[in-house]
Number of protein chains: 2
Amino acid sequence: MDQKRCAVASKESLIRIFTVPEAPDSTLSKIESEISSNLAGFLNENIAAIEKPLHEIEKDFQTATIPEEPTFVSDYAQDIMEQLVAHSVHTAAPSFIGHMTSALPHFVLPLSKLMVGLNQNLVKIETSKAFTPLERQVLGMMHHLAYGEDDSFYSKWMHSAKTSLGAFCSGGTVANITALWIARNRLLKANGDYKGIAAQGLIAGMLHYGYKGLAVLVSERGHYSLGKTVDLLGIGRDNIVAIATGENNKVDVDAMRKKAHELEASGIKVMALVGVAGTTETGSIDPLNEMADLSEELGCHFHVDAAWGGATLLSSNYRHLLSGIERADSITIDAHKQMYVPMGAGLVLFKDPAATDAIEHHAEYILRKGSKDLGSHTLEGSRPGMAMLVHACLRVIGRKGYEMLIDRSIVKARTFADMIKQDEDFELISEPELCLLTYRYVPKEIQAKLKEADEETKLDIYASLNRFTASMQKRQREAGRSFVSRTRLTPAKYDHQPTVVFRVVLANPLTSKAILKDILAEQKELAKTDPVFKKYLSKYMD
Amino acid sequence: MDQKRCAVASKESLIRIFTVPEAPDSTLSKIESEISSNLAGFLNENIAAIEKPLHEIEKDFQTATIPEEPTFVSDYAQDIMEQLVAHSVHTAAPSFIGHMTSALPHFVLPLSKLMVGLNQNLVKIETSKAFTPLERQVLGMMHHLAYGEDDSFYSKWMHSAKTSLGAFCSGGTVANITALWIARNRLLKANGDYKGIAAQGLIAGMLHYGYKGLAVLVSERGHYSLGKTVDLLGIGRDNIVAIATGENNKVDVDAMRKKAHELEASGIKVMALVGVAGTTETGSIDPLNEMADLSEELGCHFHVDAAWGGATLLSSNYRHLLSGIERADSITIDAHKQMYVPMGAGLVLFKDPAATDAIEHHAEYILRKGSKDLGSHTLEGSRPGMAMLVHACLRVIGRKGYEMLIDRSIVKARTFADMIKQDEDFELISEPELCLLTYRYVPKEIQAKLKEADEETKLDIYASLNRFTASMQKRQREAGRSFVSRTRLTPAKYDHQPTVVFRVVLANPLTSKAILKDILAEQKELAKTDPVFKKYLSKYMD
C-alpha cells in the first residue's frame, strides 16, 4: 500500500499525471466508457434510488485537512462513485420534473471534454484566439434572435473591438447583475466636470443629478437574484419595488405605472423596469410591450429577465408570447436552461452595441485599448469556453429542432394541466403559459369543507394544507422515484393567503405522459400515509 | 444531403440526441478517443502552429443567423476542428509560458465529463445533494490550509446551515467582488433604526455613519478586477487608491499608512486594505503581516487577493512567503491557476464563518431559511459542480504532490532568472519571488549607450525599447513556437518610466530548462530581424 501511495509523490510520477492518460482498463476509464456508451443507464444504475439523509452523506466529507499523501486515481474514482455519485441528484431523470435542470444531448459530453482539454481562457485573445470570434458569433446569433437587426448591423458590430452585443456569464444571476450595472452607470453617466459613477461612485452621481434615491421596479414574481443585484450595486433591497401580479402571475403594469410616478414625485428616480419572461415559479411572461411603453414614458432602462423563457424565441409558434422583448435595453437568457447546454452558460444581450462602454475596463497586461479581448466588457475575468457548447447546440439542433423541443414542452404542460384538472382530488393553481405549472393535492372532501367553512376553520385548513403539501413534496423526493419542487404563491382561490404548491417544470424531452400519470398516482398514494395529513386534516374528511 | 439534414429534425431523431450516444466510429467519438489516449499529441497535431490573423479566423464566424436546419454531429465536429480547434491557443504547451493557464493532470478530463454528465446545480441541495457537503468540505480544507483552525472549529462550522467558510466562484474576479461586498456591508451594517446597507442602500449607510466617502487601498500592482469591484459596489474607481510599490514590487506599507490617515482625517473611511499575494504581473507578495497590523489600526477589512499565490500555502518550504495571510478577513484563491484545475474554479474564504450573514438571501422555492443550500451565501446562483475537480486534485495530488509542483516552479523561475542574467543582451526586470518574472531584450550596445546618453537620447531609447519589446512579443506569438506575454512596469532602472517587458509564468510542470534556453535563443534571432529595432534602435548600435 505504501509503495502504491508513493507512486504519485515522486517527481517522475507527478509529471506522469500530466502526460500519461489513465489506462483503458482503469476504474476511471471504465466509468468514462460507461458514461459514453450509455449515460442514462449509468445514471440509473449508479445514483441510489432511495435518498440517504444529508447528515449521513456528510460523514464522508468530514475532514478539513488536505491529505498529505497522494491517492491513486482508481482509488479516488471508487470513493467518489460510492460517496458522491451515488448520492447526487438524477437531474436528467424524466421523472425529475421539479427544477430547471434537465437531460442533455449526448454530443455535449465529448464536446465538454474537448473544451476542458483545450482549457482556453476567454478573457483575452492571447489565451483563446478563435474562441473569441466564436463567442462573439454566438452573442450575435442570440442578439439577432431577440432583436432581429439587419445584416449590416451585425457585420458592423459583431466583431467590433469597440462594442459588445452581449456578454457570456456563468449564469443568469451574473447576467442580471451586468445588465443593471450598465443601467445604473448609464443613468449616472459623466456630465461636465462630473466624471460619472464608475469613476466617482454612487453618492457623487446622486448629488450631481439631484436624485434622492434609485428604484428598480419588478413583478413580485421577479427572481431573487434581483435582490442580490440591487444590494451589490448599493441601491438597497428596499428599493427594489415588488409590484403585484394579477391572477395570471403577470405584473400589473397600471400598478407599476402608479408606483413609478409616486416614486418620481418624491425624488426617487426609477433606474430600471425589469420584465420577467418566464417567472421561476410559474413560467408566466409579463406584458413586455406595455412595460416597454412605460419605460419610454419614464426614460428608464428596460431589462427583461428571460433566463428561462428566452429560448421560446426559437419557436415560430410561441415567440409571440415574448412580443415586446425586442424593445428591451438588455435581456438575460440562460443557455443552461431551455437550450439544453450543461450548467454554467448564461448570457446577457444589449440592444445598443455601445452599452458596455459604461463598464469598460482595461489593464496593462491584457485588455489593452483597441483589442478585441472579451474581458474588457464582462463582469467576470477568466472564463471557460462554454460558448462552444452553445454554438454546438445551435448548429446541431438548429432553430427548427429547438422549436420542436420548445413546442413539445408547452404541449406537455397543457396535457399535464388537463390531467390535474380532470382529477377531483387535485387543484391546478397556475395554468401553464410556458412549460411550468403549479398545483396541489386537496382531497375533494376538504375542497367541499372549505366551501362551507367559517373563517377560523378555513384558516386552519389553509395552514394544514400548506404543511401537508410540504410534507408530501419532501416524502416524494425521499422515496426517490420522482421529484416535484414546491413554492409558495398567493392565489385568489386561497384568498391571497400564502399557499404552498407543487411546482413542475416540463422541459425534459424524455418525460412522457405515462410518467406524469405515475407521478399523480404516486402522490395519491403518498397522501394516504402522510403523517401531517393524519394529524391535521383527517378530521375534516367526514 | 437533404435526407441527412432532416435526420435531427424529426421528433424521433430529436429524442435520439438525448438518448443515443455517438457511434464509436463517428468523427466526434474519434476526436474524443484521441483526447483520451494522448491529449498532448492531440493538441500538438490539431492546433495549427502558425498563427492565422484574427480577421481571417473571423470569416468562419460571420453569420448572425441561427441556422434553421439541424447539422449532423459529425459534420459539426469536422467544422469545429478546422475552424475552432486549429486556431485555438495551445495553453498546455510547455513553451507557452506567457499566461497563467497551464497543462492539466489527465484525470481531470474524464472527471470533467462525469461532472457534465451529472449536471448538478450547486445552488441548492435538491439539485446537488452530496455535491453540497463535498463543496463545503473543499472550502473547509482550503480554509484550514489558510487559517489552520482546530478540529472543533471545522466540525462546528463546516457543514453548518447558518454559515459558510467560503464561497465557490467562477473565478477570482467574482471572489474579489464577494469579499469586498461583504466588507462594505459589514462596515455599513444595521444599527438601531437603520436597517443596514443591504436593505437601505449605500447613501443611507453613509449618512447613518457620517462618512463622506469610502476607499479601498491596494498596491499599484493590484489586479484590475478590484477596479471593477469598486465600480460595481458604487464606491467608484477614483476611490480605489493605488499605493506605490518598492523596487521589489511589494506595496510600501508606510505610504499606505500615511495615505490611510490622510483619507480618514478628511472624512473618507478606509473600507478595506487589499494585499496581493502573487501580483499578476510580477508574482510579488505584499508584506501581509504589516498590512494586517495596519488594518487593525484602522479597524478595517483586510482582504488578500491570493488568486495566483494562494496555492503556495501547500508547500511547507514556501508557505512562509505568505505569512500573515491567516490574519486576513477574506482570501481569494483560484484553483484554476496553480492548483491545475480547469478554467472556472475560483474561491473566496472567510476568517469569520458568520461573514456571509452580510449578504445572506432567501427565496420561496429554494434557499429557504435553515436549509444548507449553498446558494444563500453566494453571489452567483446556479453553478456547476466544479468543486469535485478541486476535491479530486487535492486527494489525488495530495499536499506533498502540490508541494513538489510549487517548489519545482519556483526553482525553475530562479534558474530562468539566472539564464537571463548570464546573457549580457538580456535584462532581468523583476526577480522571481514565486514562479513569475519579467525581463527584456536590450543588446549590450544599447545598454552601454544608455549609460552615457543625455536626457533626450535616453527618453528616445526608452520609447524605442518599448515599441521594440512589444513588436518582439507579438512576432514571437505569431511564429507559434513559444509564447511570452508582455506588460508595462515602472522600474527604477528605467527612471520609473513606463517600461514594456516580457512577462513569464513558469507553472507548467512540463516546461524544461532546454525549452527556456530555446526561448531566449529564439528571441535573440527574432531581434535580428525586428523591423522596429531596425527603424528606431539600429542607429544606436555603433
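Since the model is predicted, local features need pLDDT of at least 70 and side-chain atom pairs count only at pLDDT 80 or more, while totals for chains, interfaces and linings use all residues. Residues are numbered from 1 along each chain as its sequence is written, and chains are lettered from A, with ligands numbered from 1, in the order in which they are written.

**View 1. The open sheet of chain A has seven strands.**
Strands here are DSSP runs of E with at least two residues, helices are runs of H or I with at least four, and both are numbered from the N terminus; two strands pair if DSSP finds at least two bridges between them. Strand S1 (166-169) and strand S3 (240-243) of chain A are the edges: each has a single partner strand, so one side of each has no neighbour in the sheet. On average, neighbouring strands are turned by 20 degrees against each other, direction ignored.

**View 2. Strands S4 and S5 of chain A run parallel, with a helix packed on the sheet.**
S4 (residues 268-276) and S5 (residues 301-305) of chain A pair over five bridges. Look for Val274(A), which sits opposite His303(A) in S5(A). Helix H15 (residues 288-298) of chain A touches both S4 and S5, and its direction makes about 165 degrees with that of S4(A). Axes are lines fitted to C-alpha atoms, for helices over the stretch in contact, and angles run from 0 to 180 degrees between N-to-C directions.

**View 3. Thr178(B) is buried in helix H10 of chain B.**
H10 spans residues 172-187 of chain B. Thr178(B) has 28 other C-beta atoms within 10 Å; 20 or more make a residue buried, 12 or fewer exposed, and anything in between partly exposed, with C-beta atoms placed from the backbone. Leaving out residues up to four places away in sequence, Thr178(B) touches Ala167(B), Cys169(B), Val348(B) and Leu379(B), where contact puts the C-beta atoms of two residues within 7 Å.

A rotation of 180 degrees with 0.0 Å of shift along its axis superposes chain A on chain B (RMSD 0.0 Å), using least squares on C-alpha atoms of residues with pLDDT of at least 70 in both copies. The two copies are thus related as by a two-fold rotation axis. In chain A, the C-alpha nearest the axis belongs to Leu233(A), 2.5 Å from it.

**View 4. H16(A) packs with helix H19 of chain A.**
H19 covers residues 513-528, and the two axes lie 11 Å apart at an angle of about 35 degrees. Thr415(A), Phe416(A) and Met419(A) in H16(A) meet Lys513(A), Leu516(A), Lys517(A) and Leu520(A) in H19(A). By class, that's four nonpolar, one polar and two charged residues.

**View 5. Strand S10 of chain A pairs with strand S11 in the antiparallel sense.**
Four of the five residues of S10 (residues 485-489) are buried, so this strand is largely enclosed by the rest of the structure. S11 (residues 499-505) pairs with S10(A) over five bridges, and Ser485(A) has Arg503(A) as its bridge partner in S11(A).

Key. Nonpolar A, V, L, I, M, F, W, Y, C, P; charged D, E, K, R; others polar.
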